[in-house]
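Let's take a friendly walk through the strands and helices of this protein. Please keep the sequence and the 3D view open as you read.

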Amino acid sequence: MVQHYFIGISIAHPVDDIAQQFRTEYQLHEKYKVIPHAKDLHLTMRYIGELDDTKLPWLKSCLHKIAKSHTEFTVYLKGLSFFGSASGPRVVFLAVQTSDTLCELQRQIARRTEKILELEKDARFVPHITIAKKRKTTEKMQLEKKSIEPVPIKIEGFTLFKIHPKATPSYEALAHFPLKRS
């Protein structure tokens, strides 16, 4: 079986509580097939997809260099949002305030991995933490984007994850890349 991978920032606490509140408020468990496990909550920096195992050491080395050139920073969770229409969004997520530091880190990760892994360029980056995806009902919803008091989240590093679609949690951390302490 071919393995799929992505690079992300694991974000469980205090995000899991906030995710749970919104899931309950909007009954997302009944409306979506995929409700990520608390340990799977993350910010995707770059989806890789299929990857030949022989390229892993090379990728890890590249990610290590990127991590060493960045310092820890803080981002802020700002509320609930979604991709798609309010009456039936494809993905429901916790929105993360745009941060130049986060965007620069993501750009470097994307640029380097695209080059060494010969991936298609992907310039779209909307920082978010998915809390529900893949609708299981066609019933109309009344979802609205909601702001919350910003919740600080300290970013201390990023991780290369292997995806196990049939398991719960679904993401296995293969290697963690700590940023420089601030």
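A residue is called buried here when its relative accessible area is under 20%, and exposed when that value is over 50%. Keep in mind that this is a predicted model.

**Helix H1 and its two faces**

With that cut-off in hand, look at helix H1, residues 15–25, where Val15, Ile18, Ala19, Phe22 and Arg23 are buried. Their directions from the axis span an arc of only 135°, so these residues sit on the same side of H1. The face turned away from that buried side holds Gln21 and Thr24, which are exposed. What do the buried residues of H1 pack against? Their partners are helix H2 (28–31) together with strands S4 (73–83), S5 (91–96), S6 (128–135) and S7 (146–155). After H1 comes Gln27, which has a positive phi, near 50°.

**The sheet of five strands**

Strands S4, S5, S6 and S7 belong to an open sheet of five strands, ordered S2-S6-S5-S4-S7, with antiparallel pairing. Strand S2 (32–34) and S7 are the edge strands; each has a single partner strand, so one side of each has no neighbour in the sheet. From one strand to the next, the twist averages 35°. S4 and S7 run antiparallel and are joined by seven bridges. H1 lies across S4, S5, S6 and S7, and runs at about 155° to S7.

**The sheet of four strands**

There is also an open sheet of four strands, in the order S3-S1-S8-S9, again with antiparallel pairing. Which strands stand at its edges? They are S3 (42–50) and S9 (171–178), and because each has a single partner strand, one side of each is left without a neighbour in the sheet. The twist here averages 20° from one strand to the next. Strand S1 (residues 4–10) pairs with strand S8 (residues 157–163) in the antiparallel sense, over five bridges. Within this pair, Ile7 has Leu160 of S8 as its bridge partner.

**The helices across the sheets**

| Helix | Lies across | Angle |
|---|---|---|
| H1 | S4, S5, S6 and S7 | about 155° to S7 |
| H4 (residues 100–117) | S1, S3 and S8 | about 5° to S3 |

Technical notes:
Residues are numbered from 1 along each chain as its sequence is written. This is a predicted model: local features need pLDDT of at least 70, side-chain atom pairs count only at pLDDT 80 or more; totals for chains, interfaces and linings use all residues. Side-chain values use heavy atoms; hydrogens and water are left out. Two strands pair if DSSP finds at least two bridges between them. Axes are lines fitted to C-alpha atoms, for helices over the stretch in contact, and angles run from 0 to 180 degrees between N-to-C directions. Contact means heavy atoms within 4.5 Å. Buried means under 20% relative accessible area, exposed over 50%, partly exposed in between (1.4 Å probe, protein chains only). The arc is that of the directions from the helix axis to the C-beta atoms.
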